[in-house]
Amino acid sequence: MSATAVHSLWTMAGGVTSAAPAEKFKAPVIEYAQLAPVLIVIGVAVVGVLVEAFVPRRARYYTQVFLTVVALAAAFAAVVGLAAGGYGTTKAHIAAMGAIAIDGPTLFLQGTILLTSLVAVFTFAERRLDPAAHGNHVDSFAAQAASVPGSDSEKAAVRAGFTTTEVFPLVLFSVAGMLVFPAANDLLTLFVALEVFSLPLYLLCAVARRKRLMSQEAAVKYFLLGAFSSAFLLFGIALLYGYAGSVSYATIANVVDGSVTRIDPALADTMGNDALLLIGGAMILTGLLFKVGAVPFHMWTPDVYQGAPTPVTGFMAAATKVAAFGALLRLLYVVLPGLAWDWRPVMWAVAIVTMLGGAIVAITQTDIKRLLAYSSIAHAGFILAGVIATTPDGISSVLFYLGAYSFVTVGAFAVVTLVRDAGGEATHLSKWAGLGRRSPLVAAVFAVFLLAFAGIPLTSGFSGKFAVFKAAADGGAGGLVVVGVISSAIAAFFYIRVIVLMFFSEPKADGPTVAVPSPLTMTTIGVGVAVTLVLGLAPQYFLDLASQAGVFVR
């Protein structure tokens, strides 16, 4: 075959003849202003990587903390600007060539993630809790993450005063993924966002300064089970693509409803095959329920929360839940509302075993971080009650609960970092005996957080639980509310047990001390207490805000 023949075949195969210019290719239309929160965070994360390469080691810590705080504050300002411009209500639309939804839930969840992350980053930057090593301040992270625990190179890194300042760009990359996750409007964007926020978290879990082997074990468990859940999600995406011939949320929803007229000939055999829809939907739900920490996909939660550095645990427990529930809401309310008869009974069962499982197993825990981990599993069950409501109130109640829960969680883990003995953080419950007599203020603050977790009136926990249970009852899930109230009563037992232990037990002579933190951790705890009390005493403004933001763009 001659060269000209091959050339003409090649140009024809591309759908373009040499005579006619290529008109099929259109430049993508990207609304950069509406994607500003994500772009700011990713841009500064890249700058943070460059800081690690080019800024002298002594100046890196201050540079990274400054950049991270500015990035999160600027991104939050961008979210507020978009909300003020009406993008949460009247101007809600699909941006970035159909990949990202800019609407009320997106902006509300992005704002919550950014504020929670900003407060959590202060605990990352804390350097006063551990005694100085060789004249250098130390934080919660390994001096040199690449060195083997206990090796000569690690000891040399500690002597030299090294710190793992890479944690700050890693946090920003993770936050960027979390911002996209609840906003994703097609399945591939959802998967990419999942990987972008998960991979930095796997690394962050492994870099604890104390108990490094436990920290690395937690990271390996999280990585293996996370990869497993990602595989489920990806397989589910492939099956839904086979079912609908598209990864776009709107197209899949139309195929489920039967309102699609044009069928792709290449997919004519599989389009509309209900087996693909049910199995694919179940697999994607499995991937998202894993991130949420719902039973029976919760196995990673206690070990990872216990082994990871406590600032990372607080960040992960709060921000990941917000992002994952946002994505779950959008999937069920935008993509699969026509399948509610199929997914509601399954989600009922998951919510019931999650509420009861988290509350009952938490009673047996002797480590404060594991106790908070099982508490977070129970809370995932309470939030699922709002998800199952399938009403506008269901969406707004879940948004409000996520906002309230995230600040309580970050504050509680910040308090855990303060109680220390010679081995670092004293997380065994027996060490907390008599803490209220030794340090009344810290114990009182922790008691406020525990009462909020228990859902006692006048705290944000009560307002949040009342909202999701009311939405569930109105949505016809009254049985779920009964189980939720029973689970809350069981959970209240172990929260109040810790309060009794702190205030009504004799302190041990060799008990732990409460470290005096810098203003950074004080700010984190102060914001946590303030949000807990404000949302408990005067929640109406924030409930109204959540109900205004509770409409998904389709």
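Predicted model: local features only at pLDDT ≥ 70, side-chain atom pairs only at ≥ 80, totals over all residues.
**Pocket lining, a helix pair and backbone exceptions**

The lining of the largest pocket is made up of 20 nonpolar and seven polar residues, with no charged residues. Rolling a probe the size of a water molecule over the atoms shows where empty space is left. The space in the largest pocket comes to about 710 Å³. Its lining consists of 27 residues, and those nearest the centre of the pocket are F76, F108, T112, F542 and L545.

At least two residues each are supplied by α3 (57–84), α4 (104–124), α15 (392–416), α20 (519–537) and α21 (540–548). The largest share belongs to α4, which provides seven residues of the lining.

Helix α4 also packs against another helix, α12 (residues 310–335): the two axes come within 9 Å and cross at roughly 170°. Angles over 145 degrees count as roughly antiparallel, and α4 is therefore roughly antiparallel to α12. On the α4 side, the contact is made by P105, T106, L109, T112, I113, T116, S117, A120, T123 and F124. On the α12 side, the residues in contact are P311, V312, F315, A318, A319, V322, A323, G326 and R330. By class, the residues of this contact comprise 12 nonpolar, six polar and one charged. T112 of α4 takes part in this contact and is also listed among the residues nearest the centre of the largest pocket.

Backbone geometry was examined next. Most residues other than glycine have a negative phi, and most peptide bonds are trans.

The peptide bond between V295 and P296 is cis, with an omega of about 5°. P296 is located in the loop that runs between α10 (274–292) and α11 (300–307).

K211 is not a glycine, yet its phi is positive, at about 50°. This residue belongs to the loop between α7 (187–204) and α8 (212–244). K211 counts as partly exposed because its relative accessibility is 46%, and the range for that class lies between 20% and 50%.

T390, likewise a residue other than glycine, has a positive phi near 50°. The loop between α14 (368–388) and α15 holds T390. Its relative accessibility is 34%, so T390 counts as partly exposed.

Conventions
Residues numbered from 1 in each chain as written. Heavy atoms only, no water. 1 Å grid on protein atoms, 1.4 Å probe; cavity = no way out; pocket = protein on both sides within 12 Å on 5 of 7 lines; lining within 4 Å. Points joined across faces, edges and corners; volume = space filled by probe spheres on them. Helix = DSSP H or I, 4+ residues; strand = E, 2+ residues; numbered from the N terminus. Nonpolar A, V, L, I, M, F, W, Y, C, P; charged D, E, K, R; others polar. Axes fitted to C-alpha atoms, helices over the stretch in contact; angles between N-to-C directions. Parallel < 35°, antiparallel > 145°, perpendicular 65-115°, else oblique. Contact = heavy atoms within 4.5 Å. Buried < 20%, exposed > 50% of the residue type's maximum accessible area, 1.4 Å probe, protein only.
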